[in-house]
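Please consult the sequence and the model alongside the text.

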Amino acid sequence: MEGPMIRRREFLRNTLAGTGALLFTRLTPSLAALDASVDARIEVLLDEPLGKISPNIYGHFAENLSGVIYDGMWVGENSKVPNINGIRKELVEEMRKIKPPVVRFPGGCFADSYDWRDGIGPADKRPRRTNFWAEGEAANAPASHKYDPNQFGTNEFVHFCKLIGSEPYLAGNVRSLTAQDFYRWVEYCNSPAGSTTLADMRAAAGYPDPFSVRYWGVGNESWGCGGNFTPEEYAVEFRRWTTWVPRYDKQELSFIASGPNVDDWNWTRGFLEEILKKGRFHLRSIWGMALHHYAWNLSRGGTQDWFKGKGDALKFEAVDWYELLREGDRMEGLITGHWQVMGELEPERHIKLVVDEWGPWYKPGGEATSVDQLEQIPTLRDAVFSGMTLDIFNRHPEKIAMANCAQLINCLNSLYLAHEDKFCVTPVGHVFLLYAAHQDGQSLRTIFSVPDISYDRDGKKANFWGLKGSASLHDKQLVLTVVNPDVSAARETEVSVRGGTITSGSATFLTNSNIHAHNSFDQRNVVVPQSKSVEGKGRTLTYTFPPASVTRLALTLS
Ligand code: AHR
């Protein structure tokens with residue numbers, strides 16, 4: 001059996017790779033009529049909704065870290081780089097295409113060293129401050145990366161959010177500021193025009209109307225750079241910070257607690273238990289618990305050392321490709337694991353998970369701009385990783401209230417790279433474009449019955465799943481996204497929709513014959529989506545997912 005299957009795969013790889021061929025077949029009334037030569041099946045169950053996919057799952061993260069803000073987002077009003085009030089114009093234009101729901105700022109670790117007051121008032125009066133990340137900067141890094149010029153503060157960030165149609169999500173400084181500083185920041189942002197001194201300062205900067213910021217992070221990684229608290233200590237701070245915060249015109253404020261690092265179940269449990277000590281009522285002040293997970297350890301079990309375990313962003317073998325995906329695939333177990341712990345302590349299920357940092361993290365050396373700390377050039381591997389991660393979020397709509405890819409530009413899993421007047425959309429950015437169609441849809445249970453992939457992991461056979469994805473329904477439109485992680489084999493698949501009839505469809509996919517393919521300032525369109533419209537009718541279709549690909553099928557149902 002194996003021989004003919006391999007030959008079939010070879011044939012498909014040679015003839016169909018990169019074409020995204022889509023064939024509709026006639027309605028198959030019984031399993032007996034299914035095409036026996038196809039060993040991969042996807043069944044979308046229209047009658048098994050899982051919950052609404054919050055657009056916030058498609059959120060972003062922009063930290064004041066190296067080239068993210070200064071050079072990436074902010075070029076200044078007098079720059080020769082086209083800009084809108086100092087904000088990079090091309091970034092704004094590209095972001096509008098992906099329907100960005102929310103952006104988190106100013107950090108990250110940076111948040112717990114930031115005084116928001118430094119970033120308001122007349123720009124020429126704002127102080128320069130040592131950036132949290134200064135010590136990691138190269139000797140020849142721009143001064144703005146080491147010493148924060150505070151030209152991009154709350155006003156500029158909220159303005160940026162308005163330009164791209166996003167909600168702002170601000171992270172407070174628990175490590176080095178007070179609860180009073182926090183609620184004064186809320187007052188600056190949200191108090192009505194003319195009502196407070198801070199509202200007057202906002203108006204003097206050109207923003208009389210309240211910013212109405214809803215999402216507020218209470219610290220970041222409080223188990224580490226955010227203060228090295230125990231979960232119990234942090235819970236005490238959280239209670240204090242959220243005991244009273246002004247709500248103007250009864251505006252809803254959503255507080256996001258600093259949550260666990262990866263699989264630190266003790267943090268989740270310890271935090272909630274301590275909150276509960278003052279009564280169940282206090283649980284209601286938590287809107288979300290942040291979860292952070294970076295895929296960094298490509299050592300194949302060789303080490304847990306943060307520095308030694310990392311791999312290269314651009315130079316990698318097939319085994320490193322799978323290793324990264326395995327690390328990223330842990331996300332699903334982290335979500336269900338923390339959700340279980342949360343449910344034991346809060347069965348009412350008001351508190352959701354906020355995965356406000358996720359993505360691959362490689363070792364330094366592959367930066368698009370050599371002085372940009374933590375910049376890496378995303379390849380097709382990172383696109384597949386990102387599609388896989390967004391599918392995981394889509395499959396758990398009742399658990400995830402928000403997620404924020406780390407980070408937006410010039411850092412880690414960037415959607416965009418920019419330097420001076422150069423700019424490009426990375427393969428990750430294109431995945432966000434493809435997946436935007438899921439926003440606000442009804443997530444549907446979808447069964448993937450697909451043989452595993454086998455690969456060599458240091459002389460031992462290892463497996464990884466063959467295809468996975470997610471589906472959402474938008475009235476009569478079905479969106480099905482699918483990742484084929486196989487570096488070399490296309491996967492012919494029978495896709496069926498239980499409870500619906502397909503009247504037409506289209507496929508949009510991202511792939512390349514080179515798994516290292518990436519976009520750069522000089523070659524901006526190496527990895528870009530390709531589309532084909534499809535004519536046909538039926539309830540079952542056959543689609544061949546190209547190797548190393550992310551695909552969106554958009555199907556109209558009757
Ligand atoms: O995204 C980079 C850093 O990773 C963030 O500042 C921090 O929260 C995390 O450890």
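Helices (H or I, at least four residues) and strands (E, at least two) are DSSP runs, numbered from the N terminus. On that basis, N404 belongs to strand β14, which covers residues 400-406. This is a predicted model, in which local features need pLDDT of at least 70, side-chain atom pairs count only at pLDDT 80 or more, and totals for chains, interfaces and linings use all residues. Residues are numbered from 1 along each chain as its sequence is written, and side-chain values use heavy atoms, with hydrogens and water left out.

**Barrel**

- Eight strands form a closed barrel in the order β3-β6-β9-β10-β11-β12-β13-β14, with parallel pairing; two strands pair if DSSP finds at least two bridges between them.
- Neighbouring strands of this sheet are turned by 25° against each other on average, direction ignored; axes are lines fitted to C-alpha atoms, for helices over the stretch in contact, and angles run from 0 to 180 degrees between N-to-C directions.
- Strand β3 (residues 59-61) runs parallel to β14 and is joined to it by three bridges, and G59 has N404 as its bridge partner in β14.
- Helix α9 (residues 318-345) packs on the sheet and touches β12 (288-295), β13 (352-360) and β14; its direction makes about 160° with that of β12.

- N404 is buried, at a relative accessible area of 0%, where buried means under 20%, exposed over 50% and partly exposed in between (1.4 Å probe, protein chains only).
- The N404 side chain reaches the backbone oxygen of H60 at 3.1 Å.
- Contacts (heavy atoms within 4.5 Å) of N404, not counting residues up to four places away in sequence, include G59, H60, R104, Y169 and W358.

**R104 in β6**

- R104 lies in strand β6, residues 102-105, and counts as buried at 1% relative accessibility.
- Among the residues that R104 touches, not counting those up to four places away in sequence, are H60, Y169, N220, H292 and N404.
- R104 and C405 are 301 residues apart in sequence, yet their C-alpha atoms are 9.6 Å apart in space.

**Ligand**

- The residues surrounding the ligand (a heavy atom within 4 Å) include F61, W133, N220, Y294, E357 and W361.
- Ligand oxygen atoms lie 2.7 Å from a side-chain N or O atom of E63, 2.8 Å from a backbone N or O atom of C109 and 2.8 Å from a side-chain N or O atom of E221.
- Taken alone the ligand exposes 280 Å², of which the protein buries 94%; accessible areas come from the Shrake-Rupley method with a 1.4 Å probe.

Terms used:
Polar contact = N/O pair within 3.5 Å; in protein donor to acceptor, adjacent residues only side chain to side chain.
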